[in-house]
Amino acid sequence: MRSLSRRGMLGLGAGAAATVGLSACGGQKSSDGASHAAGSRPSPSGSSGGPHPARPIGDGSTSFTGKQPHQPAAPEPLEPGQTPPQFVVFSWDGAGEVGNGLFPRFLDLAKQHDAHMTFFLSGLYLLPESKKRLYNPPNNPRGASDIGYLTDEHVKATLANVRRAWLEGHEIGTHFNGHFCSGNGTVGNWTPQQWRSEIDQAKAFVTKWRTHTGWTDLPSLPFDYEKELVGGRTPCLLGQNNLLPTAKDLGWRYDASSPGGRQTWPVKRLGIWDLPLQQVPFPGHSFEVLSMDYNMLANQSVNSTKAPAHNYPGWRKQSAQAYISGFRRAYETNRAPFFVGNHFEQWNGGIYMDSVEEAFKHIAREKEKGEDVRLVSFRQFVDWMDVQKPEVLAKLRTLDVGQAPTGGWKTFLAAGAPTATSSGNAA
């Protein structure tokens, strides 16, 4: 397998990139180092702007504003013989706005198509570098991080976009903090107790940003993060086994850290939904690629984020078609949910942002034609999973990658239809 240098990827963690790859996540700079428009700006008002008057929590960094707006209708169990919806989750690791306009770009795209996403916020992106010694990472020096701390301007822009994201119906998860993917301090070696420390600190950086920054003229985040945070994705997809006991203790509902997942209906581990990035067809190759921008790049330009530009058009098309092929394979066969992960990056001239936007629009068009395609957050997806009958989910898990139900959905999920041997663990 090929691997990328952690330092050489703008502070992103290392990971393998072929068929069963790990993923790097969370870089803090654009690949060309340029400064671009900062995107959406916070209101000068101190109010949260939520659906109800804000009730400050703690130091006022966060607030309770009532039920989150722009949520789908309450989920219902599948009826006998009903075709399952095609769920698609686009998610973002790091979720910081660093002046390249990518966070608001994809918020705008989602709004145009009445879609929702999950943003895995790195807690350090709300901590000023001047206060970095407040971070005590497991097995690493105090204040250390393998992703950069943001400038004050970019912390403010990140706050504005996270606030906007929640108010527009998106989910705010966690990508934890320092993104350690190699050496003795790697998250792959952390104990459940160390994961608890990392999570407690990530939450503190979100819920105490006002204390840490001293800023009193910015609106609070309009949600209670203790209740909002129900899942995350680990750096480089490492360390899930030791994270899960802690996630269970915290009442998390899902984890999106598994590497090399397949396009089948998911299972629970320790009572938590295991929602991995997935292997999808990679045009022009016999192997498959993990459904993330990093893995597209690693199979195209290996260790370079600035490869010769003449490659860009072909690589952009190849990446977009990989996502589209993954979607179509599920949609036309077993209807397994399709999970995509990305970063706000500008590698190879920004082609991966363009390719994921192209794939997103392709999928949204199916929804807008009246098909039951649902562009949702991970939280919204597990809301639906949790109301389904266990025997129905067990039947869905008998369908392998690219396997359509014999006789069609009306027969396959008909009342009283025999249940085949499940291919996954029971929920």
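**Helices, a sheet and ring pairs**

Me: Is the crossing where H1 passes H2 left-handed or right-handed?
Reply: H1 passes H2 in a left-handed crossing. Left-handed means that the near helix is turned anticlockwise from the far one by less than a right angle; clockwise makes a crossing right-handed.

Me: What kind of model is this?
Reply: This is a predicted model: local features need pLDDT of at least 70, side-chain atom pairs count only at pLDDT 80 or more, and totals for chains, interfaces and linings use all residues. Residues are numbered from 1 along each chain as its sequence is written, and side-chain values use heavy atoms, with hydrogens and water left out.

Me: And what do labels like H and E stand for?
Reply: They are DSSP runs, numbered from the N terminus: helices (H or I, at least four residues) and strands (E, at least two).

Me: Back to H1 and H2. At what angle do their axes cross?
Reply: The axes of H1 (residues 102-112) and H2 (residues 152-167) cross at roughly 15° and come within 10 Å. So H1 is roughly parallel to H2. Axes are lines fitted to C-alpha atoms, for helices over the stretch in contact, and angles run from 0 to 180 degrees between N-to-C directions. Under 35 degrees counts as roughly parallel, over 145 as roughly antiparallel, 65 to 115 as roughly perpendicular, and the rest as oblique.

Me: Which residues make the contact?
Reply: H1 gives Phe-103, Pro-104, Leu-107, Asp-108 and Lys-111. H2 gives Asn-161, Val-162, Arg-164 and Ala-165. Contact means heavy atoms within 4.5 Å. By class, the contact of H1 with H2 has five nonpolar, one polar and three charged residues. Ala, Val, Leu, Ile, Met, Phe, Trp, Tyr, Cys and Pro count as nonpolar, Asp, Glu, Lys and Arg as charged, and the others, Gly among them, as polar.

Me: How do H3 and H6 pack?
Reply: Their axes are 8 Å apart, at an angle of about 65°. That makes H3 roughly perpendicular to H6. The crossing of H3 and H6 is right-handed. Pro-192, Trp-195, Arg-196 and Ile-199 of H3 meet Asn-242, Leu-243, Pro-245 and Thr-246 of H6.

Me: What does H6 lie across?
Reply: H6 (residues 240-249) lies across E6, E7 and E8, and runs at about 150° to E8. Those strands form an open sheet in the order E6-E8-E7, with mixed pairing. Its edge strands are E6 (254-255) and E7 (268-269), and each pairs on one side only. Strands pair if DSSP finds at least two bridges between them.

Me: In what sense do E7 and E8 pair?
Reply: Antiparallel, over two bridges, with E8 at residues 272-274. Arg-269 has Ile-272 in E8 as its bridge partner.

Me: New topic. How many aromatic pairs are there?
Reply: The count is 24 aromatic pairs. Among them, Phe-180 and Trp-190 are tilted, at 6.4 Å centre to centre and 55° between the planes. Both lie in the loop between E5 (171-174) and H3 (192-207), so the pair ties together parts 10 residues apart in sequence. Rings of Phe, Tyr and Trp (its six-membered ring) pair if their centres lie within 6.5 Å; planes under 30 degrees apart count as stacked, over 60 as edge-to-face and the rest as tilted.
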